[in-house]
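Subject: Structure for you to look at

Hello,

Here is the structure I said I would pass on. Please open it and keep it in view while you read the notes below it.

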Amino acid sequence: MSLLLATLTSLFVVAPEAPAPPSLTKFPELIELVEAEYPTELAAKRIEGSVLLALTIDAQGEVQRVELVETSTPAFSEPALTAATHFRFSPAEAGELGPVPVIVNFRYDFTLRKESPQIDPELDREPPPPPINFVGQLRESGTRAPLGFATVFVESLVRTSTGGTMLVHTSTEADDSGRFALRGVPAGTLRVQVLSQFFEAFETTETLEAGEIIEVLYFLERAERNPYEVIVRDRRPRKEVAKRTLKMEEIQLIPGAQGDVIRVIQNMPGVARTPFGLGLLVIRGASPQDTGVFLDGHRLPILFHFGGVGGVTSVVNSRIIEDLNFYPGGFSPMYGRASGGAVELNTKSAATDRIHGEAQLDLLTLVPITASVFLEGPVSDDPKHGAFVFSVRRSSIDGVFALASQILDSTFAAAPRYFDYQLRYDLPLGSDGKRKLTLFGYGSDDEIVVIGADSIGPDSSSPAGTQSRTYFHRFNPSFSYRDGDTFFRVSPIIGADFTNTQTDNSGSGSGFRFRLSAVNAGLRVDAATRIAPFAVLNAGGDVLYVRYETESELPAFPPVKNFPSPVATDLPTRRDQAEVPSTAASLYTELQLEFFDERLKIWPGLRLDIYDFRSEPSDILFDDRLLDGRTLVSVDPRLTVRYDFSDRFAVKGQIGLYRQNPFAFQFYLNADLPLQTGTQASGGFEVELVESLRLDLQGFYRYANDIPKGVSDQIVVDGQVRAVGLLPILNQRSYGLEVLLRLEKRWGLFGWVAYTLSRSENKDDDELDWQANFTFDQTHNLNIVAVYELGLNWDAGLRFRFVTGGAIGSTAARWYDADRDGYSRSFGDRRRAPDFHQLDLFIKKRFVFDEWYFELYLDVQNVYNRTNTEFFIQSFDFKTSVPFPGLPIFPSVGLRGVF
């Protein structure tokens with residue numbers, strides 16, 4: 001009675017918000033097809049048709065869900081839905097992940113059997129296929145990305161020999177590059193329809209002349225949210241006890257972060273809030289310099305422009321970052337020279353399909369403050385020639401300040417300016433995709449000039465001007481090889497750092513000039529391979545040479561006096577020059593052991609660090625012991641354990657030693673400083689409460705000792721007074737509980753609730769009691785982030801923060817110190833600053849065109865204009881104090897064009 005024709009279409013589509021999944025290495029194949037019952041009334045009327053279904057197929061090939069996408073006749077829908085629930089497929093596979101769930105489009109055609117007439121065998125010959133006369137390509141609107149596996153339907157109105165008309169249907173499926181071709185499409189007016197999951201249905205008309213070939217290019221607009229979305233999750237084993245991974249799609253929508261990957265970290269558990277949103281990472285009570293930020297394995301010399309003052313953006317454009325992994329503690333022995341946390345930034349490989357570009361302008365209300373340009377793509381049509389990524393940003397704050405000074409006829413001018421760039425080139429070596437050469441260069445340049453015109457003059461002792469400039473450059477080529485479980489990368493790096501600060505004064509003895517330059521060169525090697533069915537070995541190391549050179553003009557130290565010797569004395573200017581070469585080398589190894597069907601995973605690791613410091617002779621602020629050199633060695637064992645009771649629940653724990661070396665200038669003052677040691681332990685569990693909603697809870701403890709602390713003691717060496725400078729007498733401890741409730745993007749909504757309950761304390765070696773660690777001892781720290789797709793290319797995000805005030809010192813006693821001609825005080829019991837709370841809002845609108853799209857966004861911090869106290873300003877005699885408020889309501893606007 002009936003002949004069943006089935007067509008499998010659009011095999012695999014990834015949700016628009018999901019990261020690019022691993023490619024399918026095996027598509028699902030239909031192995032059992034159940035014939036649908038042909039509706040009797042339609043068969044009697046000889047009505048034919050088709051039904052387009054969306055089938056959710058699990059990793060075993062079973063159909064778990066059937067949804068109706070489109071039908072030509074409603075009566076065909078129910079039989080097709082019923083039959084499809086009994087289909088069976090061979091599972092889809094994605095490389096090392098093995099079988100994975102997917103969603104497929106399945107077109108079920110209802111066609112009546114036709115009686116075959118008796119034909120002379122001599123005449124029964126296969127007619128030649130009709131020519132191809134309708135070809136085209138499908139792309140996504142705005143991004144121009146190829147749209148593969150979409151179904152193209154063409155409907156033609158054809159005149160019959162009897163003078164009537166009939167509809168002729170032709171269909172095909174686009175390949176993975178979005179190209180399609182149709183044969184024998186009848187001439188005339190054509191109705192074209194394109195269907196693809198996660199995209200709005202596309203419909204248009206074309207006119208085809210007899211003997212003509214049509215070539216078309218169609219752009220489909222991505223749907224806001226699609227109920228058939230599929231995310232293939234990478235089931236590679238999680239390792240670190242506390243690892244927070246952020247996606248670029250999320251980072252660009254977080255209120256208050258201005259799309260900066262580093263600033264988003266400040267919303268994670270374990271991270272203290274810094275005053276005025278300064279660019280500092282205070283993680284689990286550790287000082288900002290105790291946390292390392294690594295770009296492609298190498299540590300960044302600075303993290304934020306202007307040292308983070310004013311909450312300025314980080315020195316690396318987030319657009320070049322593929323992913324970010326944040327470890328508040330317990331990180332792998334792969335990273336060292338940090339006793340707090342670690343931030344791992346991995347740059348993206350260049351796109352090879354076509355040229356992509358982006359231009360962005362950020363404004364403070366209506367004042368432009370930053371402009372940036374981003375480009376990536378292949379260098380030629382031949383993929384063997386490689387591809388590039390380029391980014392450049394420059395602030396326009398200096399121009400705004402200069403214009404304001406002219407308009408206001410001001411005698412005071414400040415011209416802050418920053419600039420950064422990144423350029424990466426990827427060249428594949430060989431045709432198997434296993435080897436790659438990467439050339440990567442990046443740098444940053446900050447400068448601020450402050451001029452007070454009224455201060456210039458022979459009788460003035462006020463600063464006439466201050467100039468400060470800090471910049472660095474890095475060149476980081478690398479060679480990498482990857483084949484299954486084997487990975488190898490060798491990555492040399494060379495660079496230069498420079499800092500110059502000077503103040504021009506006409507007052508006696510008050511000039512200041514400091515210049516620091518450093519050249520560095522290093523080599524890093526990382527490798528991994530499976531050495532047994534249950535064991536993977538990771539190993540590597542690095543060597544880094546840095547040569548510091550300093551030049552300074554500083555006021556001399558005041559002489560040691562006994563009251564009532566004269567207080568006001570002219571201090572001669574001391575000029576000094578010094579060179580401090582240093583070398584650091586490391587080796588690390590770590591095993592990944594898997595037992596009980598990979599449910600129990602153990603990572604024992606060991607890191608060896610060797611440091612060598614020495615110096616040339618100098619006249620001031622110099623410890624002679626550094627002439628003979630100083631060598632320090634550390635061996636840091638680390639252990640991480642994880643047990644997965646199921647795919648949705650796991651427990652984990654970690655313990656280890658983490659050491660870091662003093663800075664070169666600290667050795668310059670005291671060559672006897674030891675390594676700072678941090679002992680870390682943490683443990684907890686994570687559970688998937690419902691699909692896409694995961695709870696991560698853990699407790700932590702950190703103890704650090706031998707931390708250098710500035711002291712005011714002075715010693716006399718060869719008749720000269722020299723400051724002791726630093727002593728390793730400070731101890732720190734922090735402990736608490738971190739909670740992260742995170743919703744992966746689902747139905748257009750994502751976000752998290754991050755809560756930290758903690759205590760951060762310190763004490764000197766000669767003290768008995770632990771004291772609250774001032775500003776960053778924040779008992780309660782709550783961050784709530786939620787971003788939602790409103791529809792019609794609108795996105796909105798909210799961030800609410802509540803932080804209990806940090807500890808501040810109270811004055812127990814105060815007195816006038818005649819030697820220093822000023823008041824001094826002693827501290828009493830600590831008290832708390834007022835609580836901080838703030839609501840931030842982010843709204844973005846995207847305007848999509850065929851070849852590009854444009855985004856307009858508004859970022860408003862402190863929406864309800866809360867007056868938060870950042871710190872207290874003491875009067876000159878410590879008798880009174882007044883609160884210093886934080887930022888009021890702070891709107892900024894951004895414009896971005898992407899192609």
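**What was found**

F89 is buried, because its relative accessible area is 1% and a residue counts as buried when that value is under 20%. Please keep in mind that this is a predicted model. F89 sits in strand 5, which covers residues 88-90.

Next, the chain as a whole. It has 899 residues, and 46% of them count as buried. Six helices and 52 strands are found in it. Take the contacts in the chain with a separation of 6 or more: 67% of these are accounted for by residues 24 or more positions apart. The chain exposes about 42600 Å², and 58% of this is supplied by carbon and sulfur atoms.

Another buried residue is S156, which has a relative accessibility of 1%. S156 belongs to strand 10, residues 151-159. Which residues is S156 in contact with, leaving aside its neighbours within four places in sequence? They are M166, L167, V168, V185, P186, T189 and L190.

Helix 2 runs over residues 77-84, and its buried residues include S77, P79, A80, A83 and A84. What do the buried residues of helix 2 pack against? They pack against three strands: strand 3 (49-57), strand 4 (63-71) and strand 8 (102-112). An α-helix has 3.6 residues a turn, so residues three or four places apart point the same way.

One is nonpolar, with an area of about 510 Å², and is made by I355, F847, F849, W852, L856 and F899. Of these, F899 is found in the segment after strand 52 (890-898). Is F899 buried, partly exposed or exposed? F899 has a relative accessible area of 35%, so it counts as partly exposed.

The other patch carries negative charge and gathers D765, D766, E767 and D769 on the surface. D766 is part of the loop between strand 40 (749-764) and strand 41 (771-772). With a relative accessible area of 69%, D766 is exposed.

R337 has a phi near 60 degrees, which is a positive value in a residue other than glycine. L792 is not a glycine either, and its phi is positive at about 55 degrees. Where do these two residues lie? R337 is in the loop between strand 19 (321-327) and strand 20 (342-347), and L792 is in the loop between strand 42 (780-791) and strand 43 (794-803). R337 is buried, with a relative accessible area of 14%, whereas L792 is exposed, with a relative accessible area of 69%.

Regards

Key. Residues are numbered from 1 along each chain as its sequence is written. This is a predicted model: local features need pLDDT of at least 70, side-chain atom pairs count only at pLDDT 80 or more; totals for chains, interfaces and linings use all residues. Side-chain values use heavy atoms; hydrogens and water are left out. Patches are made of residues with over 30% relative accessible area and no salt bridge: like charges are joined within 9 Å, nonpolar side chains (Val, Leu, Ile, Met, Phe, Trp, Tyr) within 5 Å. Accessible areas come from the Shrake-Rupley method with a 1.4 Å probe; for residues, only the protein chains shown count as cover. A salt bridge is a side-chain nitrogen of Lys or Arg within 4 Å of a carboxyl oxygen of Asp or Glu. Lys and Arg count as positive and Asp and Glu as negative; His and the chain ends are not counted. The place of a charge is taken as NZ of Lys, CZ of Arg, CG of Asp or CD of Glu. Helices (H or I, at least four residues) and strands (E, at least two) are DSSP runs, numbered from the N terminus. Buried means under 20% relative accessible area, exposed over 50%, partly exposed in between (1.4 Å probe, protein chains only). Contact means heavy atoms within 4.5 Å.
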